[in-house]
Amino acid sequence: MEKSVARNIRLGLFVITGTALLVAAVYFVGQKQSMFGNSSQLYAVFHDINGLRPGNNIRYSGINVGSVKEISMVSDTIIVVRFGVKNDILPHIRKNAHAIITTDGLVGNMIVNILPGSSSGLAVKAGDTIMSFARVRTDEMLTTLSVTNENAALLTAELLKITREISSGKGVIGSMIKDTTITTDLKETIHHLRHTTEASHATLTKLNRLITSLDKNNNIVGTLRDTTLPVTIRQTLANLERSSKQLVKVMDNVNGLIGNADSTITNIRKGEGAINFLSNDPVLVTKIDHTVSSLDSALMKINDAGVKLNENLEALKHNWFFKGYFKKLEKEQEKKAGKN
Amino acid sequence: MSFFRTSMQYILKYLEEVGEMSAFAGRFFRELFRRPFESRELLRQCYNMGNKSLLLVGVTGFIIGLVFTLQSRPKMLDLGASAWIPSMVSISIVREIGPIITALICAGRIGSGIGAELGSMRVTEQIDAMEVSGTNPFKYLVVTRILATTLMIPLLVVMSDAIALFGSFLVENTKGDVSFRYFFDEVFLSLDFVDLIPSTLKTFFFGFAIGLVGCYRGYYCKHGTAGVGVAANTAVVETSMLLFVLDFIAVMVTDIFY
């Protein structure tokens, strides 16, 4: 009896383990297909689903976020794909996101890849339809590749022709390769080129130095580069303008004077006025000279008389008869000085 | 002419056996729902067929997972598809290798055991004695065994699959430094219900076939003790053939629905 109980316990353990493994496998497979979690339904419309099947993964930014639930053909060109997306992912998918059917790797299962839209877009809600891209089909790729191959073949043929012509010494490149004198010429050219380069380098160094020196203010260019110079020049020009105006006036005056002088000279030449006599009559000049000499001696005498008069006046001041008068005169002078 | 006659005899014999086996299966279904239910004998048979086969099935599954991964790994590396090893191994084991190998092992161990046990009971007239004593030998011996194999084989297959995948993981972990989580994430990501459910359902048919053929060959054993060996041997051979046929039918049916 005890043996039977122990056997039954072991059997129970076996059955429970096996069942648990089966249930766990079903659960994990279902979880990977978003069967048990909270998910929302979204739709995408395609013209060609490229063998997509219910259960295929939905990938958003590289993360598996759900699976294809249903594929229904609405018309001959419109196929609606319904897929479940985890609710916690839904707020991150924008309405301007795009769905594209592609393969997981080169030869993997078909998946629906949701390409994120711009962050400014609104988040999708359950039941929304997101836009889709048509997948680049293999046959289209092969057609493009075929054209590319044809072009490559043409290019290769042309290249082959060019290479043959070069090998046979035709054209510039061919003659460069075949003609040995060109090599010598080239060497010489390179030698000259090196010298020229060295000379150029030296010239450039000098030029550089010159340009550097121009930055200083102690030369013409430096002075020209001085920012205060235009102001000074402007002021100088204004002064010059003012001066020129005054000069014009002066010139006008000078012209007037010259005109007057001219008329005076004309008059003199005509023999009118005193100057004519002064300049043309020598007797008059001699008379004037005598008169001036007489005047000079008369003045000398007057001067002596003045000195003597001063002495007389001084003597008068000391005379008691005239003393009162002079004192009164001094007092009046002092008063005038005090008022001033 | 004699060749044609001999062929016809074989065909007729084969059809007769198919008919008898079908009648045997029909009787099983009839007796299954009739009282009394031999639950204690059923549990004993479940223990014998389930628990006692676990070690053999587990070791086989572990080695299959190990060897399958070791064999496929170099070629997958050459193709630059080593990341696909968990997916490939899991789909192969869960869909096909696990169920068929486990069923074949059970056909060898359980089918031959049933055939030999019932055959010896038949030749030693124990079954006749049971009939005389008023016990229904079919219900006690056949129904319990067929039911036990039908219920235990699926559990053995599930355990065998799990052990095989663990063996595969050990190889991947040692050779490719793949973590436990990554390996089983890849396994469950690549598996679908279309892989899991049909392959589990067909194991019930496998278990039923093992029990049915074993019981049929043992229950109708003839020619004394020599017939016991023949019954055990025929049970294994016929079960193995039937398993492949059933597997083919299961794959075809799965292909139609998915």
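Is Arg181(B) buried or exposed? At 65% relative accessibility, Arg181(B) counts as exposed. The legends below describe close-up views of a predicted model.

**Figure 1. Arg181(B) pairs with Asp185(B) in a salt bridge.** Their closest N and O atoms are 3.8 Å apart. Both residues belong to helix H6 (residues 180-190) of chain B. They sit 4 residues apart, so about one helical turn separates them. Asp185(B) is partly exposed, with a relative accessible area of 30%. Elsewhere, salt bridges with shared partners join Glu41(B), Arg44(B), Glu117(B) and Arg145(B) into one network.

**Figure 2. A salt bridge connects Arg95(B) and Asp195(B).** The closest N and O atoms lie 2.7 Å apart. Arg95(B) is in helix H3 (residues 85-123) of chain B, and Asp195(B) is in helix H7 (residues 193-219) of chain B. The pair therefore ties together parts that are 100 residues apart in sequence. Arg95(B) is partly exposed, at 35% relative accessibility. Over all chains, the search finds 15 salt bridges.

**Figure 3. Glu96(B) and Lys202(B) meet through their side chains.** This salt bridge spans 3.3 Å, N to O. Glu96(B) lies in helix H3 of chain B and Lys202(B) in helix H7 of chain B, 106 residues apart. Glu96(B) is partly exposed at 25% relative accessibility. Lys202(B) has 7% and counts as buried. Side chains of opposite charge can pair when their charged atoms come close.

**Figure 4. Phe166(B) and Phe169(B) form a tilted ring pair.** The whole structure holds 18 aromatic pairs. In this one, the ring centres are 6.0 Å apart. The planes meet at 45°, so the pair counts as tilted. Both residues lie in helix H5 (residues 137-176) of chain B. They are 3 residues apart, about one turn of the helix. Phe166(B) is partly exposed at 36% relative accessibility, whereas Phe169(B) is buried at 8%.

**Figure 5. Five residues of chain B join in an aromatic cluster.** Ring pairs link Phe24(B), Phe138(B), Tyr216(B), Tyr219(B) and Tyr220(B). What lies over the face of Tyr219(B)? Arg122(B) does, at 4.9 Å from the ring centre. Chain B as a whole has 8 helices and 0 strands. Of its 258 residues, 48% count as buried.

**Figure 6. Asp128(A) sits in a loop of chain A.** The loop runs between strand E6 (110-115) and strand E7 (129-133). A polar atom of the Asp128(A) side chain lies 2.8 Å from the backbone nitrogen of Lys125(A). Beyond its neighbours within four places in sequence, Asp128(A) is in contact with Gln41(A), Leu42(A), Tyr43(A) and Lys95(A). Chain A has 9 helices and 7 strands. Of its 340 residues, 16% count as buried.

**Figure 7. Chain A meets chain B at an interface.** Here 23 residues of chain A are in contact with 23 residues of chain B. The buried area is about 2,200 Å², and carbon and sulfur atoms give 76% of this area. Helix H1 (residues 2-32) of chain A supplies the largest share of the chain A side, with 17 residues. How many salt bridges cross the interface of chain A and chain B? The rule finds 0. It does find 2 residue pairs in polar contact across the interface.

Key:
Residues numbered from 1 in each chain as written. Chains lettered and ligands numbered in written order. Predicted model: local features only at pLDDT ≥ 70, side-chain atom pairs only at ≥ 80, totals over all residues. Heavy atoms only, no water. Phe/Tyr/Trp six-rings, centres within 6.5 Å; stacked < 30°, edge-to-face > 60°. Helix = DSSP H or I, 4+ residues; strand = E, 2+ residues; numbered from the N terminus. Buried < 20%, exposed > 50% of the residue type's maximum accessible area, 1.4 Å probe, protein only. Lys NZ or Arg CZ within 6 Å of the ring centre and 35° of its normal. Contact = heavy atoms within 4.5 Å. Buried area = accessible area lost by both parts, 1.4 Å probe. Salt bridge = Lys/Arg side-chain N within 4 Å of Asp/Glu carboxyl O. Polar contact = N/O pair within 3.5 Å; in protein donor to acceptor, adjacent residues only side chain to side chain.
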